[in-house]
Amino acid sequence: MDDIYLVTVVSNIGMISFIALSAYLLLVVGEISFGQQAFFAVSAYGSGIATAMWGWPIWLGLLWGALLAGAAALVVAIPTVRLRGLYFSVATLAFAEMVRLIFEIFTYQVEIDGELVGPDGSDGFRDIRAIYDSNVSAFEYMLIIYGLLAVVLIGFLILERSRLGAIFRMIGEDPMLTEMQGLNVTVYKILAVVMAGVVAGIGGALYAHLATYVEPKIFNVMLGVHALAYGLIGGLGTAFGPLIGVAIDIGLLESIRAISGYRMIVFGGLVALLLIVRPRGLLDEAAVHWLRGRWRELRRATH
Amino acid sequence: MLEIDGIAASYGNIQALRGVTLSVEEGGITCLLGPNGAGKTTLMMTIAGILKPRRGTISFLDRNITGMRPSGVVRRGIALVPENRLVFPHMNVHENLIAGAYLRLGKSKAQVRQDVDHVFARFPRLQERTKQLAGTLSGGEQQMLAVARALMARPRLLMMDEPSLGLAPLVVEEIFRIIRDLHADGTTIFLVEQNAHMALQVAHHFYLLEQGQVSFSGKPGQLSEHEVIQRAYLGKQQGRDQSATDRDQPDGTMLRSG
């Protein structure tokens, strides 16, 4: 495939989908996080350090980055998960800004082949070249991104049909009523935050290796706000919702050059409009319920 | 079965309960009546572990459950059908029922399935709506679903907070028929009500709660319905002709004059 622009756009949609799914998972349990970019960042740096500086293979670097993001999420979850609503949102935002500012001063470099490699504070972290060094083409890397996205998405779809997924939805609808069913809401919420951290982490690690360069300002609050908005646009009824949100924003608004200058205006307007007309997004619970009903009828009719 | 001793609790700075002592007998229907703001819901929330009492003890089956978290209270066998927040609106009827049985789903799936069938036999109207989103049910159906879900936990004590609130008279009749049925099947029931007329018809024992304190304890008939209604609805001051049981109460009586 030679249309490198198209490959880049499609790869971006894939990578951003991870952070969108991450924010979506927290929306399902009823929490609004403005800080998922922190886990994206932790994994981007962590996996980059592992492959570029320690010479780890890419797959191990990805795994390491995702686990690191999960660990960071656990650190955030334990003190903040008892906070509700606005307080949780502010706490996640504060944490994410803290992480970003730490990367502004974080310097850890080693000399490899006569060149200094590693994070250098606000100058960023260059030469995360693992995929180029191993001759993975942009097209092949896109396939890797979508392979992993498919795995995560299948995981989400299984979760939605599982007991754990149902408990997450119950907590999102009414944590107190959930607790009254004998379930320890705090434990489940910590689990959700950690899972969301890992998912964002996979995206961050993929991003670092495609861009080969990361710097702290990439991981500012706008990344987290967008991640959040994708679920709110696409819908909170199914994991396909946030993916629709990403496709609309990056696929249409950012990538069609004629309108990309107006992206933020259109995007902001879209969020505002949907919050009024469909507060839980295009594919909300009622829409998913309706679709499942039609699907059942269709299957019955054809059998 | 349930012993509440000197419970005091507050909502923020407002003291809602000022030393409530009462007990619920196993196998009976116990009612708690009282006007708005008397602290009935606060008491339910405190028993369920949602609010922490400032003092006093709650024990259930001779075990102290004071200050236990809600999930722990449910595990001990107390299920609360709360006021106004009845169902998970974006989940269907079946999912709502299963939600009440998560604690045992891992151990005995077959038993849970059997319980679903039982509950559907008791509430045929819910069965017709298995796949319907709970938020789209009528008020009465939501109340039934909430009761059905509570039963899915196989509680030893079923607490209901104002089950007739906001329902049409015919639906209220049906809810109380269900309460009688449940009792006939051996469920112990602790009921908070404003509908004194209906409550007195089913209760074996009832308490009046006024301004955060128990002001009467006795059997229906010991106090005229007229007086109960006046006190339960209007928070009217007590008359002079108090029954003997009234004075047996440690903290309820003779607190207000004029």
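A residue counts as buried if 20 or more other C-beta atoms lie within 10 Å of its own, as exposed if 12 or fewer do, and as partly exposed in between, with C-beta atoms placed from the backbone. Helices (H or I, at least four residues) and strands (E, at least two) are DSSP runs, numbered from the N terminus. This is a predicted model, where local features need pLDDT of at least 70 and side-chain atom pairs count only at pLDDT 80 or more, while totals for chains, interfaces and linings use all residues. Residues are numbered from 1 along each chain as its sequence is written, and chains are lettered from A and ligands numbered from 1 in the order in which they are written.

**View 1. Strand β6 of chain B, covered on both faces.** Here we're looking at residues 78–81 of chain B. B:I78 and B:L80 sit on one side, B:A79 and B:V81 on the other, and all of them are buried. In a regular strand the side chains alternate between the two faces of the sheet. β6(B) pairs with β7(B), residues 157–161, in the parallel sense over four bridges; two strands pair if DSSP finds at least two bridges between them. Pick out B:L80 and you'll find its bridge partner in β7(B), B:M159.

**View 2. Strand β3 of chain B and its two parallel partners.** Five of the five residues in β3(B), 29–33, are buried. B:I29, B:C31 and B:L33 point one way, with B:T30 and B:L32 pointing the other way. Five bridges tie β3(B) to β8(B), residues 188–193, in the parallel sense, and B:I29 has B:I189 as its bridge partner there. β9(B), residues 205–210, also runs parallel to β3(B), joined by four bridges. In that strand, B:H205 is the bridge partner of B:T30.

**View 3. An open four-stranded sheet in chain B, with a helix across it.** Read the strand order as β2-β1-β4-β5, with antiparallel pairing. The edges are β2 (14–24) and β5 (63–64), each of which pairs on one side only. β4(B), residues 55–60, meets β5(B) over two antiparallel bridges, and B:F60 has B:R63 as its bridge partner. Helix α1 (residues 40–47) lies across β1 (2–11), β2 and β4, running at about 70 degrees to β2(B). For that angle, axes are lines fitted to C-alpha atoms, for helices over the stretch in contact, and angles run from 0 to 180 degrees between N-to-C directions.

**View 4. Where chain B touches chain A.** Residues are in contact if their C-beta atoms, placed from the backbone, lie within 7 Å. Chain B puts in 22 residues and chain A 19. On the chain B side, α2 (70–76), α3 (93–99) and α4 (102–105) are the elements that give two or more residues. The largest share, four residues, comes from α2(B). That side of chain B splits into 15 nonpolar, three polar and four charged residues, where Ala, Val, Leu, Ile, Met, Phe, Trp, Tyr, Cys and Pro count as nonpolar, Asp, Glu, Lys and Arg as charged, and the others, Gly among them, as polar.

**View 5. A:V110, an exposed strand residue.** A:V110 belongs to β1(A), residues 110–112. Leaving aside neighbours within four places in sequence, A:V110 is in contact with A:M53, A:V117 and A:G118. Its C-alpha atom is 10.0 Å from that of A:A52, 58 residues apart along the chain.

Definitions and conventions. Two residues are in contact if their C-beta atoms, placed from the backbone, lie within 7 Å.
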